[in-house]
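Here's a set of exercises to work through with the structure open beside you. Try each one yourself before you read the solution.

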Amino acid sequence: MATASSLLNINGCVRLPHLAALDIKGADAEKFLQGQTSAQVALADGFFAPLTCFCTPKGRMLANAQLLKVSDGHYRLLLSTSLIEMLASHLAKFAAFYRVELQTQSSMLIVGASESANKAAQAFDLALPNQPFTHHSNAKATALCQPGHGRWLITIENAAEQHAIEVNDNEDAFNTWLLEDIRSGLAWLTASQQDHFLPQMLNWEALGGISFKKGCYTGQEVVARAHFRGQVKKRLVRVTTTADTLPRVGDTLVDEQDKTVGEVVSSAFSDKQQIEMLAVANTKVTEALTPLYWQGHSITLCDLPYAVERLNPEQLVNTLTS
C-alpha cells in the first residue's frame with residue numbers, strides 16, 4: 001500500500017496517464033482562448049501557467065486545466081485524459097472562426113517527479129522552476145512546478161526524446177502523486193462529473209483559476225454572479241476515512257439521517273486502510289462540523305492549504321520571479 005514518501009523514494013519518473021495535453025496553435029490562439037476560458041490568457045507568458053476552466057453558458061464546468069504558453073501563438077492545456085477529446089470537439093465549434101488549429105498530443109509523455117526531477121530536467125537541458133504554477137520549456141520538454149512537497153510535472157514532446165529518462169508505472173508512486181493533489185486541494189474534473197459543478201465548487205477562484213477582471217467568456221456572467229452574490233452553497237473539502245477500498249468518483253457523502261450532503265471528486269490511499277479524499281459538500285453541513293459518512297465509514301474533515309477566498313491570478317503572477 002502507498003505511503004506518503006513513496007513518490008520521493010522511487011527512482012526515475014512516474015507516468016501520469018490521467019493527464020493529457022491539447023495544443024492550440026495559430027495567429028489567433030490568444031484571442032480565441034480569451035473568449036473561451038476563465039483565465040486571463042495574457043498572463044500565460046511562458047513562465048506562469050495559470051489554472052483555468054471551460055464552462056457551459058450556465059456556468060458549469062466542462063473541464064478544468066492548466067494553461068501554458070509554449071511559444072508565440074502556441075498554447076497548451078493540461079487536463080484529464082477523460083475530457084481531452086470532448087474539449088477538443090467543443091472548442092472546434094468555435095475555432096472555425098479563428099486562425100487556430102487544435103491538436104491533441106497523443107504521443108506526448110507526461111510524468112511526475114520529485115527526488116529525480118532535477119536529473120530528468122537536465123536530460124532535456126532544462127532548469128527546474130521553484131514556484132508552483134511556473135514552468136521552463138524548450139523544444140524538447142517542459143518542467144512544470146506543482147503545488148505540494150517538491151514535485152514537478154514533466155512533459156516530453158516526442159517519442160524520440162523519451163528514452164532520456166527512466167519512466168516507471170509504479171502504482172504506489174502514482175497514488176502518492178494523486179495524494180499530493182488532494183493535500184494541495186487541487187481537483188481535476190473527469191468525464192463523469194462534467195457539466196456538474198460551478199468552478200467555485202472546486203475552489204477554483206481560491207487557486208487563482210478565475211480572472212474576475214477579464215472580459216466575457218462562455219459562462220462568465222453566471223460565474224461572476226455566483227461569486228459577487230455569495231451564491232455558492234457547495235465547496236470542495238478534504239476529508240479522511242478508514243477503509244480498504246477507494247471510493248468511486250461521484251460516491252455520496254451522507255449525514256446521520258442518511259441525507260446526501262456531498263460527493264467524492266478524488267481519492268487516494270495515505271497509508272494502509274487510510275484514505276484521503278476531495279469532495280464537494282454542502283457548506284452548512286461542513287461549517288457546522290456535522291458528522292459525515294461514506295458507505296458507513298465515518299469521515300473526518302481536514303484543513304486545506306489555502307484560504308477559501310478569491311485569489312486574483314493578476315495578483316498571483318506579481319508574486320512570481322523567474
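The exercises below go from a sheet to a helix and then to a few single residues.

This is a predicted model, in which local features need pLDDT of at least 70 and side-chain atom pairs count only at pLDDT 80 or more, while totals for chains, interfaces and linings use all residues. Residues are numbered from 1 along each chain as its sequence is written, and side-chain values use heavy atoms, leaving out hydrogens and water.

**Exercise 1. Work out the order of the strands in the open sheet, and find its edges.**

Step 1: Strands (E, at least two residues) and helices (H or I, at least four) are DSSP runs, numbered from the N terminus. Two strands pair if DSSP finds at least two bridges between them.

Step 2: Read off the order. The open sheet has 5 strands, arranged 3-4-5-2-6, with antiparallel pairing.

Step 3: Look for strands that pair on one side only. Those are strand 3 and strand 6 (101-104), the edges.

Step 4: Check the twist. From one strand to the next, it averages 30° (axes are lines fitted to C-alpha atoms, for helices over the stretch in contact, and angles run from 0 to 180 degrees between N-to-C directions).

**Exercise 2. Describe how strand 5 is joined to strand 2 and strand 4.**

Step 1: Ala20, for instance, stands opposite Leu79.

Step 2: Now strand 4 (residues 61-71). Gln66 has Leu78 as its bridge partner, and Lys69 sits opposite Tyr75.

Step 3: Ask how covered strand 5 (residues 74-80) is. Mostly: 7 of its 7 residues are buried (buried means under 20% relative accessible area, exposed over 50%, partly exposed in between, with a 1.4 Å probe and protein chains only).

**Exercise 3. Zoom in on Arg76: is it buried or exposed, and which side chain does it join in a polar contact?**

Step 1: Arg76 is in strand 5.

Step 2: Check the accessible area. Arg76 has a relative value of 1%, so it's buried.

Step 3: Find the partner. The side chains of Arg76 and Asp23 are joined by a polar contact of 2.7 Å (a pair of N or O atoms within 3.5 Å; within protein, one must be able to donate a hydrogen and the other to accept it, and residues adjacent in sequence count only if both atoms are side-chain atoms).

**Exercise 4. Explain why the buried residues of helix 6 line one face.**

Step 1: List them. In helix 6 (residues 220-228), Gln220, Val223, Ala224 and Ala226 are buried.

Step 2: Look down the axis. These buried residues fall within an arc of 160°, so they line one face of the helix (the arc is that of the directions from the helix axis to the C-beta atoms).

Step 3: See what they pack against. That's strand 3 (51-55), where contact means heavy atoms within 4.5 Å.
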